[in-house]
Amino acid sequence: MRKLSLLLAILFLLTQLSTFASAAVLEVGSSGSDVTKVQKRLIQWGYLSGTADGKYGEKTRNAVIAFQRNNGLTADGRVGPATAAKMGITLSSSSSSSTASSSATIISADHRLLSKLVYAEARGESYKGQVAVAAVVLNRVRSSSFPNTISGVIYQTGAFSCVSNGSINNTPNATAIRAALDAMNGWDPTGGCLYYYNPAKTSDSWIRTRTVKTVIGNHSFAV
C-alpha cells in the first residue's frame with residue numbers, strides 16, 4: 001500500500017510538472033491567436049493603439065507592462081497564466097514563441113543572413129542590443145533610401161564593416177539567431193533608427209552628424 005501511494009504521488013507530481021512546462025507564455029517574438037486575444041483586450045482597455053495583428057512586438061510588451069503594473073502583477077512584459085487570468089482569457093499552447101526557438105532554428109535564408117550580421121556586428125552586446133542591430137537592417141529594408149531586401153541592405157557597398165572584413169561569414173550563435181528572429185517578428189528597440197555606430201571606435205565623421213535617438217550598450221542608434 002505504501003509503495004502504491006508513493007507511486008501515485010510521483011505520477012501526480014510528474015503530471016503537474018508536465019502541465020506547468022506546457023503552459024503557454026507569450027513574450028516578444030510570439031505570434032498567433034493568443035497574441036491577438038491579448039492585443040484585443042489591451043486595445044479595448046486603452047493600453048494599446050492600432051490593430052490586433054497577432055505579433056508580439058515591443059509595443060505589445062510595453063502595453064502588457066502597463067497593464068501588469070495597474071493590476072498588481074509582476075511587470076515583466078510577458079503574458080503567463082496569472083496575467084492571462086487578469087485579462088479574462090485562456091492561453092492555448094498553439095502560439096509560437098521566441099522561447100520555443102531555444103534550439104536556435106533558422107527559419108529562412110533571410111533569417112540566417114540577418115543572424116550572421118548580428119553575430120558579426122554585436123555579439124558582445126546585450127540581447128536587446130543585438131535585436132536593435134537586426135532592427136536597423138529591417139528598418140532600412142522598409143526605407144525608400146535603401147535596398148528593399150535584407151541581403152541588399154547587408155551587402156550594400158560600404159554599409160557594414162563585417163562584410164568588408166569577412167566576419168559576416170562566421171557561424172552565428174543561438175543568441176544571435178534568436179535576436180534576429182525577434183527583430184523579424186516586430187521588436188524594434190531603436191524606435192525606427194536607420195544607423196548605428198560605436199562612438200569609441202568609429203572614425204567616420206559623417207555618421208556623427210546623424211541625430212542619435214537612443215544608446216544601447218556600446219552603440220548609438222540614429223536616424
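This is a predicted model: local features need pLDDT of at least 70, side-chain atom pairs count only at pLDDT 80 or more; totals for chains, interfaces and linings use all residues.
Trp 206 is partly exposed, with a relative accessible area of 41%, and it forms an edge-to-face aromatic pair with Tyr 195.

**Aromatic pair of Tyr 47 and Phe 67**

- The ring centres of Tyr 47 and Phe 67 lie 5.6 Å apart, and because their planes meet at 85°, which is over the 60 degrees required, the pair counts as edge-to-face.
- This pair links distant parts of the chain, since Tyr 47 lies in the loop between helix H2 (33–44) and helix H3 (58–70) while Phe 67 belongs to helix H3, 20 residues apart.
- Tyr 47 is partly exposed, with a relative accessible area of 26%, whereas Phe 67 has a relative accessibility of 3% and therefore counts as buried.
- Tyr 47 and Phe 67 also belong, together with Trp 45, to one aromatic cluster.

**Aromatic pair of Tyr 195 and Trp 206**

- Tyr 195 and Trp 206 have their rings 5.4 Å apart from centre to centre, with 80° between the planes, and the pair is edge-to-face.
- Here too the pair links distant parts of the chain, with Tyr 195 in strand S1 (residues 195–197) and Trp 206 in the loop between S1 and strand S2 (212–216), eleven residues apart.

**Charge over a ring**

- The charged end of Arg 123 is placed over the ring of Tyr 119, at 4.7 Å from the centre of that ring.

**Cysteines**

- A disulfide is a covalent bond that joins the sulfur atoms of two cysteines.

**Packing of helices H2 and H3**

- The packing of two helices is described by the angle between their axes together with the distance between those axes.
- For H2 and H3 the angle is about 60° and the axes are 11 Å apart.
- H2 and H3 are therefore oblique to each other, and the crossing that they make is left-handed.

Methods:
Residues are numbered from 1 along each chain as its sequence is written. Side-chain values use heavy atoms; hydrogens and water are left out. Rings of Phe, Tyr and Trp (its six-membered ring) pair if their centres lie within 6.5 Å; planes under 30 degrees apart count as stacked, over 60 as edge-to-face and the rest as tilted. Helices (H or I, at least four residues) and strands (E, at least two) are DSSP runs, numbered from the N terminus. Buried means under 20% relative accessible area, exposed over 50%, partly exposed in between (1.4 Å probe, protein chains only). A charge sits over a ring if NZ of Lys or CZ of Arg is within 6 Å of the ring centre and within 35 degrees of the ring normal. Axes are lines fitted to C-alpha atoms, for helices over the stretch in contact, and angles run from 0 to 180 degrees between N-to-C directions. Angles under 35 degrees count as roughly parallel, over 145 as roughly antiparallel, 65 to 115 as roughly perpendicular and the rest as oblique. A crossing is left-handed if the near helix is turned anticlockwise from the far one by less than a right angle, and right-handed if clockwise.
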